[in-house]
Amino acid sequence: MRMRTLSVATTLAALAALSACGGDDDGGSSNRGSGTETDPISVENVFVVPAAVPGNCTVQVGGTAALRYVVSNSSSTTPDRLVSISSAQAERVETAPALPVEIPVNTTTGSGQPAQGADALTTRLVGLRDAAAPGVSFDVRFMFAAAGEITVRVPVEACPVR
């Protein structure tokens with residue numbers, strides 16, 4: 001009986017430890033940018049890239065990080081415009097070229113990603129409010145003229161290797 005009690009206690013302790021490994025899991029898919037489709041506009045493969053700082057793999061409070069994503073317009077008749085990007089995690093979001101940006105019909109564009117039929121963007125989160133380490137996620141809001149708001153839960157990627 002003592003061996004069985006010890007076995008049950010060990011199993012319960014292991015399950016409790018494993019359940020703590022979830023971090024900030026919101027119960028959704030771990031696929032970056034999953035579930036962000038608003039017909040005909042979608043925002044996919046969204047992630048934050050911290051700057052490579054030797055010995056430190058965290059985006060510091062007040063720091064800047066690159067935002068990577070792909071925006072697709074699958075409509076064959078209606079263009080749209082990306083009018084703003086925001087996050088409660090950052091003081092501001094900067095893009096080049098500046099927003100709004102046209103998303104023509106049947107095109108794919110993005111930041112730090114290949115573009116098809118439209119100009120590519122560069123996007124940075126500036127003035128981060130909290131330190132963000134790889135594995136942490138937070139919401140980023142994309143606002144389109146026609147499609148409206150698309151909010152994506154965005155992970156911070158592993159630090160780039162130089």
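In what order do the four strands of the open sheet lie? The legends below take this up.

View 1. Residues are numbered from 1 along each chain as its sequence is written, and side-chain values use heavy atoms, without hydrogens and water. In this predicted model, local features need pLDDT of at least 70, side-chain atom pairs count only at pLDDT 80 or more, and totals for chains, interfaces and linings use all residues. The protein has a mean pLDDT (the predictor's confidence in each residue, from 0 to 100) of 77. Of its residues, 66% reach 70 or more. Among the elements (DSSP runs numbered from the N terminus: helices, H or I, at least four residues; strands, E, at least two), helix H1 (residues 2-19) has the lowest mean pLDDT, 43. Strand E4 (residues 80-86) has the highest, 96.

**View 2. Four strands form an open sheet.** The order is E6-E4-E9-E10, and the pairing is antiparallel. Two strands pair if DSSP finds at least two bridges between them. Strand E6 (101-103) and strand E10 (148-155) are the edges, each pairing on one side only.

**View 3. Strands E9 and E10 run antiparallel.** Eight bridges join strand E9 (residues 137-144) to E10. Val140 stands opposite Val152 in E10.

**View 4. Arg81 sits in strand E4.** Arg81 is partly exposed because its relative accessible area is 38%; buried means under 20%, exposed over 50%, and partly exposed in between (1.4 Å probe, protein chains only). Beyond its neighbours within four places in sequence, Arg81 has contacts (heavy atoms within 4.5 Å) that include Glu102, Ile103 and Phe144. The C-alpha atoms of Arg81 and Glu102 are separated by 4.4 Å. These two residues lie 21 residues apart along the chain.
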